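Please open the structure in your viewer and keep the selection panel at hand.

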Amino acid sequence: MRREIPLLLTAVIGGIMIASFFVPHEWASVPADYLQQCAVIVVAFGYVLGGANVFRVNLDAIFKRHRDWPYKLVLVAGLLVTLILGLFVDRARFQDPGTPSLWIYDHLYVPMNATMFALLAFFIASAAFRAFRIRSAEAALLAVAALIVMLGRVPAGDAMLRAIVDHAGVPHAIRAWRISDLQQWIMDVPQNAAKRAILIGAAMGVMATGLRVILGIERAYLGGGD
Amino acid sequence: MGACVVAVLAAAVLSGVPPALAAAPAVADSVPAPQPASGLLFSDVPNDAGRAIDLHWALSPDDSVRNGRVVGYRLERAPSPAGPWAPVDSVGAGTSTTTDGSVERNTPYFYRVSACGPGGVTPSGACAGPAIARSSWFNTTRASVLAFTVLFFLLVLYYMFLAQTGRKPFVRRLAGIDAIEEAIGRATEMGRPVLYVPGIQDIDDIQTVAGLVILESVARMTARYGTPIRVPVAYPIPFTIAQEVVRSAYLQGGVPDAYDPNSVSFVSPEQFAYVAAVTGIMLRDRPAAHVFMGSFYGESLMLAETGFETGAIQIAGTANVPQLPFFVVACDYTLIGEELFAASAYLSGDARLIGGLKGADVLKVAIVAVVIVGCVLETLGHHGLTVWMQTQ
């Protein structure tokens with residue numbers, strides 16, 4: 001019964017949710033809305049379990065003096081301070097200006113988040129360097145396409161091509177070409193075609209996985225095995 | 001004149017006309033009230049849950065840019081023709097339709113429209129009603145989706161049945177999946193852990209489900225090899241599922257004592273807090289294999305690039321198309337789109353799951369055929385198929 005009841009619930013609820021997509025009548029939409037609200041409550045309980053795990057894992061590392069344990073001490077202290085301030089000091093006003101919770105959010109969380117996000121620029125540079133190394137015909141194609149798209153997305157791209165064309169004295173018909181048009185074609189046609197093919201395949205995968213879960217064929221999420 | 005402008009604005013605000021409508025030419029003392037709008041018609045919005053009514057009326061004869069007598073229309077509704085009237089919506093001059101999306105289903109409403117201008121507000125002579133919003137039993141615009149869904153389910157079930165009777169379909173090798181065991185073997189030889197990241201989305205994203213399903217196979221391998229596994233999870237529900245999946249995998253692997261309760265940890269749903277934690281694990285614990293399976297966004301490159309710097313074998317899989325190039329660049333193997341969803345069938349070898357893959361492939365062929373037929377029909381000027389495929 002430990003597995004049969006969850007499987008039955010999954011099948012029934014999955015069926016209701018699929019039906020609510022096609023049947024807008026309140027007999028389908030009201031239960032579907034109610035189930036989605038129930039999911040929010042379940043998630044709220046999940047956060048309690050998650051918070052307990054954060055304490056357990058990090059306190060364990062602190063007491064056993066694992067490597068870099070002082071960082072875990074900072075994490076636990078930060079979690080406790082934020083929790084206590086939110087629960088006992090700010091309560092329902094934790095988003096109001098001037099509250100300690102909002103100060104923590106504005107002056108600690110937001111700058112740290114922005115710092116992490118800013119690192120992305122450096123990661124993109126290093127990844128692009130590797131991506132555009134021409135080692136094969138496919139890599140060469142990728143590098144050329146990327147170069148056209150990058151140049152075509154900035155006004156300097158068209159200006160540079162115009163200068164080269166003027167200097168080289170190419171025929172008049174070719175002078176009308178613009179690199180921005182070429183990059184738009186790359187984005188609209190080959191890029192879009194490949195992207196849509198991946199999306200259609202992924203959508204099939206989504207439906208297949210959903211069907212397997214609803215039918216109880218895919219049951220690894222229950223803890224594996226039969 | 002200034003006093004007139006203030007008076008018009010005040011009157012407009014008090015009468016419920018939005019400021020945009022009230023900003024009419026300041027000639028209230030010389031402009032007469034507009035003639036009323038007429039012919040108010042209503043209709044129940046089709047294919048919905050009985051929550052909206054469409055309204056349409058004929059513009060006031062004074063509604064033209066030249067004379068400026070009409071700046072907009074105000075819609076009101078009441079439970080009976082006698083009132084009380086409550087404002088529903090305000091629209092600008094020249095607009096003759098709106099939708100009341102705040103109705104209760106199966107409840108009669110009466111509507112009236114008033115033309116508003118600098119010279120005053122003129123209600124229409126008659127109200128329209130009773131308008132009743134009723135819920136539909138079937139959203140006809142989704143008939144095409146239903147047809148393909150039913151076809152898909154039938155195909156999958158048919159090929160699952162065939163596979164169960166012994167006709168197991170051929171599945172091509174997926175290098176990325178084959179590499180998982182190789183990567184875990186390498187981690188075992190090096191005495192380092194395996195890092196498994198099941199995406200950064202909650203359980204309502206089917207990619208997270210796929211990532212957790214693959215986790216079961218990966219955890220079974222780590223249990224078999226006696227290799228530690230680290231699974232940082234971003235949301236609490238996937239966290240509890242991941243805990244159960246890994247614990248069961250060790251139990252079924254015959255090594256329940258080897259299961260470390262701290263191997264699966266809840267981190268944070270905040271994207272970059274999660275990145276900081278996972279990259280910290282990469283740099284401190286130096287896992288020899290990183291497996292990223294699930295839904296990823298802007299953090300994908302940060303995770304994969306940091307992992308690349310540590311020299312670990314990296315295998316990624318996602319259906320989020322914008323993140324695929326990042327994984328392709330920074331990882332050794334990448335499962336693209338549907339391969340992520342096929343991985344669990346591939347890893348488990350379950351005939352029913354593999355049969356499901358065949359059903360999905362057949363439907364893809366059908367979709368390609370429909371796309372080609374649609375292109376031909378559109379070229380010939382027949383739009384029926386295109387219209388049928390459009391959904392709301």
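In chain A, the lowest confidence belongs to helix α7 (residues 172-175), with a mean of 69, and the highest to helix α3 (residues 69-90), at 90. Helices here (H or I, at least four residues) and strands (E, at least two) are DSSP runs, numbered from the N terminus. Over chain A the mean pLDDT is 86, and 96% of its residues reach 70 or more.

The model is a predicted one: local features need pLDDT of at least 70 and side-chain atom pairs count only at pLDDT 80 or more, while totals for chains, interfaces and linings use all residues. Residues are numbered from 1 along each chain as its sequence is written, and chains are lettered from A and ligands numbered from 1 in the order in which they are written.

Confidence in chain B is lowest in helix α1 (residues 2-14), at a mean of 39, and highest in strand β9 (residues 194-197), at 96. Select residues 1-28 of chain B: pLDDT stays under 50 there. For the complex, the predictor gives an ipTM of 0.85 and a pTM of 0.81.

Next, display both chains and select the interface. Here 61 residues of chain B are in contact with 53 residues of chain A; contact means that the C-beta atoms of two residues, placed from the backbone, lie within 7 Å. On the side of chain B that touches chain A, helix α6 (residues 236-252) of chain B gives the most, with 10 residues. That side has 37 nonpolar, 14 polar and 10 charged residues. In this classification Ala, Val, Leu, Ile, Met, Phe, Trp, Tyr, Cys and Pro count as nonpolar, Asp, Glu, Lys and Arg as charged, and the others, Gly among them, as polar.

Now select the two domains of chain B, domain 1 (2-132) and domain 2 (168-349), whose bounds come from an automatic or database domain assignment. Their centres, taken over C-alpha atoms, are separated by 58 Å.

Select strands β1, β2 and β5 of chain B. These 3 strands form an open antiparallel sheet in the order β1-β2-β5; strands pair if DSSP finds at least two bridges between them. At its edges are β1 (38-44) and β5 (97-100) of chain B, each pairing on one side only. Strand β2 (residues 53-58) of chain B is joined to β5(B) by 4 bridges, and Leu55(B) has Thr98(B) as its bridge partner in β5(B).

Move to the sheet of 6 strands in chain B, an open one with parallel pairing in the order β11-β10-β9-β12-β13-β14. Because β11 (264-266) and β14 (333-336) of chain B stand at the edges with a single partner strand each, one side of each is left without a neighbour in the sheet. Strand β13 (residues 313-318) of chain B runs parallel to β14(B), joined by 4 bridges; Ala316(B) stands opposite Thr334(B) in β14(B).

Finally, select helices α4 (residues 175-190) and α5 (residues 206-225) of chain B, which pack at an angle of about 35° with their axes 10 Å apart. Axes are lines fitted to C-alpha atoms, for helices over the stretch in contact, and angles run from 0 to 180 degrees between N-to-C directions. Which residues in α4(B) meet α5(B)? Ile180(B), Glu181(B), Ile184(B), Gly185(B) and Thr188(B) meet Val218(B), Met221(B), Thr222(B) and Tyr225(B) in α5(B).

Definitions and conventions: pLDDT = per-residue confidence, 0-100.
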